[in-house]
Each structure stands twice: as C-alpha cells, then as structure tokens.
Amino acid sequence: MKKDFMWGVATSSFQIEGSNDIDGKIRSIWDEFCDTPEKIKNSDHAKIACDHYNKFSDDFNFLDELGVNCYRFSISWPRIVKEDLKTKNQKGLDFYHRMINNLLDRGIEPFLTLNHWDIPQIFLEKGGWTNRDCIKYFLEYSDIVSREFGDIINYWITHNEPWVISNCGYKDGIHAPGEKSVYDSLKVNHHLLVSHGQAVPIIRSNSKDSEVGIVLNLTPGMPASSSSEDQKATLLFNQFFNDWFLDPLYGKKYPDEVAQDWISNGLIPGIDFINDNDYDIISTPTDFLGINYYSRAIIRSDSISESDNLPIEIVAGEKTDFDWEVYPDGLENLLIDVHRRYSPKSIYITENGCAYDYPIESDGDILDTKRVEYLESHIQACRNAVDKGVPLNGYMHWSLMDNFEWAEGYCKKFGLIGIDFETLKRTPKKSFWKYKEIINS
Ligand code: FCB
C-alpha cells in the first residue's frame, strides 16, 4: 500500500467516554434511551463506559504502541452546546481541545465525526431529524465545532451511517429515539443528507484545505438463488440499503423501484418531502467517502416459500457473535463497485471489525484468533482493491477497545483491547499485536 496510507482505529463518543453529566454536558437521546426500561440488553448504560473522558491519554498510549497514524473519533454534540442549541459550552470544547492536542503531539491525524448518533435530547424535542426546520441546529453545531478546530483538524465527517440512524432509530425502534414509522425514517434519511450537503461548505470555510466527507454503512446484498424472485428482492435490498444514499450523494435521484415498492405496499404515501434544490445540495462534492463494512447480506424473497425456492446457491460462511457473516470478498468487490459506479475522489474504510468474546487466559493474554483472521483477510481485501485501482487511502479498525455497543450493551466485544468493565483494566488482545505487526510491515 502507499507510504502515506492512513492506518487507524475508530471509536465514538457515547460508546467510550462516560462522564455523561459533567462539564455542562446536556442530555443526549442515548442517555434517555438507556434510562428507558428494556431498551438496552442487561439494562447496561454508558454513564462510565470505558471512562475514556478521564483516561484518554492512557488510551492514546496504545495508539503509539500500535503505530497507527490516524484516529477516528466523534464529538458529542450535547457537550458542545447549551439547551438553546446555539450557545457554546466552552468546557465541552476544552475537553476535545485536550484530546485533539494529545493526538497531535503524538503525530496522529484526527478524523473528526460530527454526528455519531448521540444528539441532544432537546434537539429531538424540537422535532429532531424528522423536522426539516431542525437542520439549522445541526448547521449551527457544525459551525461552532469547525470554527473551534478548523485550524487543527484536517479530516471531517458529517454523519456516521445515516441508514442506521433512520432505520434502527425511526423504523425498527431498536435505537434511540425508538420510533417505528417507515415514512418518518425516510424523512430522517433525507434531512440527514440535506444537512450533510449544507454542512460541507460551512466546514470548508472554517477549515481551509481540509477534507470533508460522510460515512455510509454499506452492505452488498446477494441473491440466495438465481430465481427471479430472489434477484428482484436483492435489487430492492441494494437500493434500500446502499443506493438510497450513494445515488443522491453522487448526483442521481433516489432509486425508483424501491420507492415504488414502498408506495404500492402502502408503507408510505409517497416521497413528498423533497424540495426543489435538495438534490443539488445533497450532491455537493466531497473530498472522500467513508465506508463502514462488516458483512454482506444474502437475500431470499419472502414472496415464495423456502421449500419452493431451494437450493440456496450461496452458502454462508463463519458468523461473528452478532451473527454477521465473515465475508472479506464482499469488501473487495464493494470497493471496486463503488469506485466504478460513483468514482469518489478518495475512499477510507472508516470502520471494519467483528464481535467476538474471548476470556482472559491465566497468563493474562486474550487469544482472539478469529479476530486476527478477520483482520488479516479484510486488510488483504483492501490490498486487492488497491491493486485493482481503487483510490483507497486508509483503513480504520472498529474498534480500539471493547465498548458500549448501543442496544447490545457491553456483551458485543469489538475491541483490539479488552476492557474489564468492573475495574476498567485494559488488556491488548492478540489481534492488537497482529495489527501492530501489519502496520509496521
Ligand atoms: C456501526 C457503528 C459503530 C459500532 C459498529 C459495531 O454500525 O457505527 O458505532 O456500533 O457498528
């Protein structure tokens, strides 16, 4: 890979920081969700999480040890503003100054994400992402942060995974704020994309010569069989999951077949929330696309019974603790496909990783061999894509350490470093040392 290739790890504020009610932080929708019974597995909460708020410098010693040259993190919007969503909270900003300076002193390039889901509760009470008028609050926040850090941050990400925000939060109700409406989830998607397009020039004007982009979770769907039903279902899945975001970001309109499918099934009255200029705003050119890749989806149409639809021509491989299939070829093919269809100037893998729970051995090691295999095979997939001409400029593993995995609480472990959530002791796993070896070679 190129010499200046970005090797990193990724985290997000709510999942690691803890200290959720100090230094003027206002309440986040995830504080609220954690306090609502039965929303989070084992009633876990993130009041302490990894205590990264207090331990960030120790955690960054591990970045030095790994030898990464970049670190992806997110800013907690509720730390940055007061209840009016306009006045800045200097104590919150000061925390991120300390953190970012600590990274810069180590020669590590920070990749800053503005919205990794923990948004202010008051923003939601004003209507949140379903209310177009609320976009202005996100722009206000983007302006505050990019003014404050514009001269020291070179890489900006507006939103992390709009699909997850809208589908898990507004359609399936399994993430904050726990709503269940297909129509609202589509409005949320749209407003996230419009707010992204409007934030890009604000960030650029406050942070000259920086790179700005968005992060999408992309999951290629593949038909379980060659039946026309499965082919059709796969087309609809890919439009819903991937193209619904990629198409408008890269100058097209929302894909039509899936929209017609929702309308004809009575799920939505129509796509009636698009204003005249919206497609131009959404497709504001960016400097890079961030891709989060975990797995593929094997799609089987539910319009024919399984017994009439055999054999399944695709055999799924090994699965992680999240039940996500380990499928590195999907990453190589996805990178090639996105490059061919949309030609982003530059691509970063902004998340890639796997959930596996391994015990601490008697000698203190954590031998997470399956994570080692996952890491090696997915980095090989990146190499293959680079060899085939994909402008891939970085790889960031999810995650630096075990953390609060949203509705799953602490039971899904994605870290290169294990955390004992009683004592907060950190233990680098076998995969940590393997990643170090890969980076150094
Ligand atoms: C992604 C999220 C990240 C983490 C991983 C496992 O969807 O961006 O915060 O939860 O999944």
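Predicted model: local features only at pLDDT ≥ 70, side-chain atom pairs only at ≥ 80, totals over all residues.
Residues are numbered from 1 along each chain as its sequence is written, and side-chain values use heavy atoms, with hydrogens and water left out.

Helices (H or I, at least four residues) and strands (E, at least two) are DSSP runs, numbered from the N terminus. Helix 8 spans residues 162-171, and nine of its ten residues are buried, so the rest of the structure largely encloses this helix. Here, buried means under 20% relative accessible area, exposed means over 50%, and partly exposed lies in between (1.4 Å probe, protein chains only). The buried residues of helix 8 are Pro162, Trp163, Val164, Ile165, Ser166, Asn167, Cys168, Gly169 and Tyr170. They pack against several elements, including strand 3 (109-115), helix 6 (121-125), strand 4 (155-160) and helix 9 (182-206). Strand 5 (211-217) and helix 10 (228-249) are also among their partners.

Two packed helices are described by the angle between their axes and the distance between the axes. Axes are lines fitted to C-alpha atoms, for helices over the stretch in contact, and angles run from 0 to 180 degrees between N-to-C directions. Helix 8 and helix 10 pack with their axes 10 Å apart, at an angle of about 130 degrees. The two helices are therefore oblique to each other; angles under 35 degrees count as roughly parallel, over 145 as roughly antiparallel, 65 to 115 as roughly perpendicular and the rest as oblique. The crossing of helix 8 and helix 10 is right-handed. A crossing is right-handed if the near helix is turned clockwise from the far one by less than a right angle, and left-handed if anticlockwise. Contact (heavy atoms within 4.5 Å) brings Pro162, Trp163, Asn167 and Lys171 of helix 8 to Phe240, Phe241 and Phe245 of helix 10. Sorted by class, these are five nonpolar, one polar and one charged residues. Ala, Val, Leu, Ile, Met, Phe, Trp, Tyr, Cys and Pro count as nonpolar, Asp, Glu, Lys and Arg as charged, and the others, Gly among them, as polar.

Gln90, Leu93, Tyr96, His97 and Ile100 of helix 5 make the contact with Ile144, Glu148 and Phe149 of helix 7. This contact has five nonpolar, two polar and one charged residues.

In one of them, the side chains of Lys41 and Glu408 meet at 2.8 Å, N to O. Lys41 lies in the loop between helix 2 (29-35) and helix 3 (52-66) and Glu408 in the loop between strand 10 (392-398) and strand 11 (417-419), so the pair ties together parts that are 367 residues apart in sequence. Lys41 is partly exposed at 37% relative accessible area, whereas Glu408 is buried at 17%. Another salt bridge joins Asp368 and Arg371 (2.8 Å, N to O); Asp368 is buried at 0%, and Arg371 is likewise buried at 0%. Arg27, Glu32, Asp35 and Lys47 are linked in a network of salt bridges.

The backbone has some features worth a look as well. Most residues other than glycine have a negative phi, and most peptide bonds are trans. Ser43, in the loop between helix 2 and helix 3, has a positive phi of about 55 degrees and is exposed at 59% relative accessible area. The peptide bond from Ala176 to Pro177 is cis, with omega near 5 degrees, and Pro177 sits in the loop between helix 8 and helix 9.

How values were computed: Salt bridge = Lys/Arg side-chain N within 4 Å of Asp/Glu carboxyl O.
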